[in-house]
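Please read these notes with the structure open beside you. They go from the whole chain down to a single residue.

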Amino acid sequence: QVRLVESGGGSVQAGGSLMLSCAASGRTISTYSLGWFRQVPGEQRKFVASHAWNRATTYTAYYADSVKGRSTISRDNAKNTVFLQINNLKLEDTAVYYCALAFKPDTRSKIDDYGSWGQGTQVTVSS
């Protein structure tokens with residue numbers, strides 16, 4: 001069983017930056033794809049970014065249009081942790097952010113491709 005624990009959420013002023021962390025245990029993540037999704041009450045969980053293991057090029061990062069250009073997804077395999085850096089935070093970034101792991105390579109934005117999920121961390125952006 002893979003356990004994912006998100007951290008780093010909080011309240012931030014619009015225009016600020018935040019780094020979220022997702023620590024995995026029970027399985028090493030080096031040969032798996034990991035992603036970040038976010039959800040607000042009453043809405044579907046939406047794709048934010050993925051760090052896909054594609055074998056040929058090791059890892060490839062993908063981003064939703066809503067965060068592209070101001071976000072960076074990365075991982076530290078030694079720490080078994082994946083990160084999401086978000087800059088220039090906007091009010092619409094307010095959501096619960098979830099980390100997820102997929103058990104196959106080249107996983108991108110399809111939520112059903114991910115098999116293990118964390119409990120989420122709240123991000124609140126204020127003006």
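1. The model is predicted. The protein contains 11 strands and 0 helices. Read from the N terminus, its elements are β-β-β-β-β-β-β-β-β-β-β. The radius of gyration is 14 Å, close to the 14 Å that the globule rule gives for 127 residues, so the protein is as compact as a globular protein of that length.

2. Along its principal axes, the C-alpha trace spans about 40 × 30 × 25 Å. Among contacts with a separation of 6 or more, 58% are between residues 24 or more positions apart.

3. How much of the protein is buried? Of its 127 residues, 43% count as buried. The accessible surface of the protein is about 6,600 Å², and carbon and sulfur atoms account for 46% of that area.

4. On charge, the protein has 14 positive and 9 negative charges.

5. Now look at Asp93, in the loop between β8 (81-86) and β9 (95-102). Is Asp93 buried or exposed? Its relative accessibility is 0%, and buried means under 20%, so Asp93 counts as buried.

6. Which side chain makes a polar contact with that of Asp93? The partner is Arg38, and the polar contact between the two side chains is 2.8 Å. Apart from neighbours within four places in sequence, Asp93 is in contact with Arg38, Val67, Arg70, Ile86, Asn88, Val123 and Val125.

Methods
Residues are numbered from 1 along each chain as its sequence is written. This is a predicted model: local features need pLDDT of at least 70, side-chain atom pairs count only at pLDDT 80 or more; totals for chains, interfaces and linings use all residues. Side-chain values use heavy atoms; hydrogens and water are left out. Helices (H or I, at least four residues) and strands (E, at least two) are DSSP runs, numbered from the N terminus. The radius of gyration is taken over C-alpha atoms; the globule rule is 2.2 Å times the number of residues to the power 0.38. Buried means under 20% relative accessible area, exposed over 50%, partly exposed in between (1.4 Å probe, protein chains only). Contact means heavy atoms within 4.5 Å. Accessible areas come from the Shrake-Rupley method with a 1.4 Å probe; for residues, only the protein chains shown count as cover. Lys and Arg count as positive and Asp and Glu as negative; His and the chain ends are not counted. The place of a charge is taken as NZ of Lys, CZ of Arg, CG of Asp or CD of Glu. A polar contact is a pair of N or O atoms within 3.5 Å; within protein, one must be able to donate a hydrogen and the other to accept it, and residues adjacent in sequence count only if both atoms are side-chain atoms.
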